[in-house]
Amino acid sequence: MKFYNTLTRRLEEFRPIEKGKVGLYTCGPTVYDYPHIGNYRSYVFEDLVKRFLLFAGLRVHHVMNITDIDDKTIRKAGELGVPLAEVTQKYIDAFHADLRTLNILPADVYPRATAHIPEMVSLISSLLDKGFAYEKDGSVYFSIERFPGYGRLANIERGNLKPAAAATHDADEYEKEAVQDFVLWKGKKPGEPYWPAAFGEGRPGWHIECSAMSMKYLGPHFDIHMGGVDNIFPHHENEIAQSECANGMTFVNYWLHCQHLIVDNKKMSKSLGNFHTLADLLQRGCDPMAVRYLLISAHYRKLLNFTFDSLEMAGQALARIKNFDFSLKSIHNPGEADPETAGLIAAAEKAFAGHLADDLNISGALGALFDFITKTNQRMTNLKQKDAVQVLAFLHRLNSVLGVLDAAEEKPLDAVIEEKIGEREAARKAKNFKKADAIRAELKARGIVLMDTPDGVKWKKE
Ligand SMILES: [Zn+2]
């Protein structure tokens, strides 16, 4: 399995530190607003990587932080005139709901920054003790001069750096061109939350949060750190500096970064009217699984151009997979399986996994799946139930990586239909005949006819 490592700018064979296990950290949301679909591209990509690691038989320990204190969250609470925790809790809840909607596997831990202030304070103390940090006007800064590796991740030529001593950054975010000493601890300001520390009351900078929380849950040295390309500088560069100086060892072995998403070939912006949150798309009636399909369907190191046409096409591709699933579940022919079925499955699985092992070549992997669907559709009329069972198991193994079939498709056909019948009965009891009729029509469209009999509702295939 090979990944493109941002740190070395090379494709590298993935070798976990501990055999069979992966320590994975992904930068989570700053909970001051609803994430846009560009943010979700990163989260869905990270989910694809994690699912593929699981598919490959590795055990993954996944930590995703929640940034619930930083410049943006404080500003938002100030604008609304409500306590910080009230603002952040609202967006934390919304974020988790979106993760479920997009079928993103939950992380093992979602540490919140405000619950880890003592860890951050002790990390900053250690950097001060070791001479990598200094105090200035009540704040604490990291001295980038003291870390020769500074700039490696973002590929900054150290020779071109300005003498940094005089200038510092108080903001959490700034450009690569403005590289300077960055803030670890921001001295107490009126109206801002603050915590006690030996080096003065204040609050953490954004970057130290991820160093402290990853270290706590994954140790000082772990396997994979992911995020969007906009995290490379300054956030991840600064995480490396803080962590490696405090611990005296390599922080992370593999850094993977997902490219931006653009909409209609333009940068997403509220003023252009092309800014979408997941809720916006759902309100327009978009299928969340089609959104997920679209977000994973482009290679992660390429720009993804989101358009409603491409979303429609994603929905069509997804429908092909769902129809395939449905056709297979409808096969009840007795008899032994055709040996060719197992051969086709083995070849398709090898191709699918081989493409993903090549730096997540998703087009190749999806191509292998659709090739297999085409070949199997040609054989469909001759298939026995025993073939269908094998093919379904294979399809659902692939879906454990893609995650594009929702819970309904993960169940056997009978269970899906019985569930729908139950929903329809409940709707009828509630005198919601519109919904009951809609369920009947939905099943009819899939070739299932409902019959109301004295013994209750029965169903048959058309
Ligand atoms: Zn982070």
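Guide: Let's start with the largest nonpolar core, which has 131 residues, with Phe-142 and Ile-224 making the most contacts inside it. Helix α1 (residues 37-55) gives the largest share, nine residues. Mind you, this is a predicted model, where local features need pLDDT of at least 70, side-chain atom pairs count only at pLDDT 80 or more, and totals for chains, interfaces and linings use all residues. Residues are numbered from 1 along each chain as its sequence is written, and side-chain values use heavy atoms, leaving out hydrogens and water.

Visitor: What makes a set of residues a nonpolar core?

Guide: The members must be buried Ala, Val, Leu, Ile, Met, Phe, Trp, Tyr or Cys residues, joined through side-chain atoms within 4.5 Å. A second, separate core of eight residues includes Ile-417 and Leu-443.

Visitor: Which residues are the protein donors of the zinc ion?

Guide: Cys-27 (SG), Cys-210 (SG) and His-235 (NE2), lying 2.0 to 2.1 Å from the zinc ion. Donors are N, O and S atoms within 2.8 Å of the metal (3.2 Å for Na, K and Ca), so these atoms qualify. Water is not among the atoms, so sites may look incomplete.

Visitor: Why is Cys-210 called buried?

Guide: Buried means under 20% relative accessible area (exposed is over 50%, partly exposed in between, with a 1.4 Å probe and protein chains only). Cys-210 has 0% relative accessibility, so Cys-210 counts as buried. His-235 is buried too, at 0%.

Visitor: What does the pair Cys-210 and His-235 tie together?

Guide: Cys-210 lies in helix α5 (residues 206-218) and His-235 in helix α6 (residues 232-247), so the pair ties together parts 25 residues apart in sequence. Helices here are DSSP runs (H or I, at least four residues), numbered from the N terminus.

Key. Helices (H or I, at least four residues) and strands (E, at least two) are DSSP runs, numbered from the N terminus.
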